[in-house]
Amino acid sequence: MPEGDTVWNTARVIERALLGDELTGSDFRVPQLATTDLSGWTVAESASRGKHLLLRLTRDGEQPLTLHSHLRMEGAWRAYAPGERWTARPAHLIRIVLRTKRSVAVGYHLHELALYPTADEERHVGHLGPDLLGADWDADEAVRRIAAHPETTIAEALLDQRNLAGVGNLYKAETLFLRGLWPWTPVSGVADLKGTVTLAQKLVASNRGRWTQTTTGSLRRGETSYVYGRRAKPCRRCGSAIQKDEKGERITYWCPRCQPRPA
């Protein structure tokens, strides 16, 4: 699942490919935007907000537009040189193509693809909590939002983008392991919420600018996480078998000894 750092990195890929360039063509492969033509618009900014990607476009005499996409589980953007083969994903997964004289940006399996006036952006992303990688990051505000729902489990609270924007299953699991928290502990039972959200932010920020995500400090294959993706493998601290719980897109890994259920 793409997390805040993945989306931030993706924004940088599009920024390098398109920023400041006038679009020479666009191809939307979603019904609601199928007839839209962005030729003549310039990519003024490529930004991320949690797991949302925001491409801000300008054109003389027009109000600025925002092209908004959500990567969810499978979404991705790739940049190619003109004439280069698009090899990242099967063609039937392409949702949008943006062309300039020097680059082609292709969006695969994107969700919530929308185009609207930039002035309306807050209507679409204003519900999100403080962005873990944004200038608006505010640990106290994240804690206030989480604490407002004391019966919610801490695992669900970290995943709720209305509380803090950018945590997915990986950083949820790793944060809770490092804090020694049983994932189903109610928010009211977490002694140090600020320490928990601060650690989550540090873990996400530590991987900004690279595609290999690590919480252990190692970039070696098989050594990048403490519990995530390690079901039945020995805990790196105590040797107990890592457990996994899966409900739809909500996947949780934890160590039953290092993260015991509260008495």
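Q: Is Ser69 buried or exposed, and why does it count that way?

A: Please keep in mind that this is a predicted model. The general idea is that a residue counts as buried when its relative accessible area is under 20%. Ser69, which has its place in strand S4, counts as buried because its relative accessibility is 2%.

Q: Which residues is Ser69 in contact with, once its neighbours within four places in sequence are left aside?

A: The contacts of Ser69 are Lys51, His52, Leu53, Trp77, Leu110, His111, Glu112 and Leu113. As for distance, Ser69 and His109 are 40 residues apart along the chain, and their C-alpha atoms are separated by 10.0 Å.

Q: Where is Thr66 found, and what is it in contact with beyond its neighbours within four places in sequence?

A: Thr66 is found in strand S4, which covers residues 65–70, and because its relative accessibility is 0%, Thr66 counts as buried. Its contacts, with those neighbours left aside, include Leu54, Leu55 and Arg56, and also Ala114, Leu115, Tyr116 and Pro117. Thr66 and Ser240, by contrast, are 174 residues apart in sequence and 48 Å apart in space, C-alpha to C-alpha.

Q: How should I read the pairing of strands, and which strands pair with S6?

A: For each pair of strands, one looks at the bridges and at the sense in which the strands run. Strand S1 (residues 25–28) pairs with S6 in the antiparallel sense over four bridges, while five bridges join S6 to strand S7 (residues 104–108), and these two also run antiparallel. The link from S6 to S7 is a hairpin of four residues, and S6 itself, residues 94–99, is mostly covered, with five of its six residues buried.

Q: How do I read a helix, and how far does H6 reach?

A: An α-helix has 3.6 residues a turn, so residues three or four places apart point the same way. Helix H6 (residues 193–206) has 14 residues and reaches 20 Å from its first C-alpha to its last, close to the 20 Å expected at 1.5 Å a residue. Among the buried residues of H6 are Leu193, Val197, Ala200 and Val204, and what covers the buried residues of this helix includes helices H1 (4–18), H3 (139–147), H4 (154–159) and H5 (169–179).

Q: Why is H5 described as largely enclosed?

A: Nine of the 11 residues of H5 are buried, so the helix is largely enclosed by the rest of the structure. Its buried residues, including Leu170, Tyr171, Leu176 and Phe177, pack against H1, H4, H6 and strand S10 (250–254). Just after H5 comes Gly180, which takes a positive phi of about 70 degrees.

Q: How many residues line the largest pocket, and which lie nearest its centre?

A: To read a pocket, one asks how much space it holds and what lines it. About 270 Å³ of space lies in the largest pocket, which is lined by 17 residues, with Lys51, His70, Arg72, Gln161 and Glu249 nearest its centre. By class, this lining has six nonpolar, six polar and five charged residues. The second largest pocket holds about 180 Å³ of space, and its lining, which includes Leu170, Gln213, Tyr228 and Arg236, divides into two nonpolar, five polar and four charged residues.

Conventions: Residues are numbered from 1 along each chain as its sequence is written. This is a predicted model: local features need pLDDT of at least 70, side-chain atom pairs count only at pLDDT 80 or more; totals for chains, interfaces and linings use all residues. Side-chain values use heavy atoms; hydrogens and water are left out. On a 1 Å grid over the protein atoms alone, a cavity is a set of points where a 1.4 Å probe fits but cannot get out, and a pocket is an open set with protein on both sides within 12 Å along at least five of seven lines; lining residues have an atom within 4 Å of a point. Grid points are joined across faces, edges and corners, and a volume is the space filled by probe spheres set on the points. Ala, Val, Leu, Ile, Met, Phe, Trp, Tyr, Cys and Pro count as nonpolar, Asp, Glu, Lys and Arg as charged, and the others, Gly among them, as polar. The expected span of a helix is 1.5 Å times one less than its number of residues. Buried means under 20% relative accessible area, exposed over 50%, partly exposed in between (1.4 Å probe, protein chains only). Contact means heavy atoms within 4.5 Å. Two strands pair if DSSP finds at least two bridges between them.
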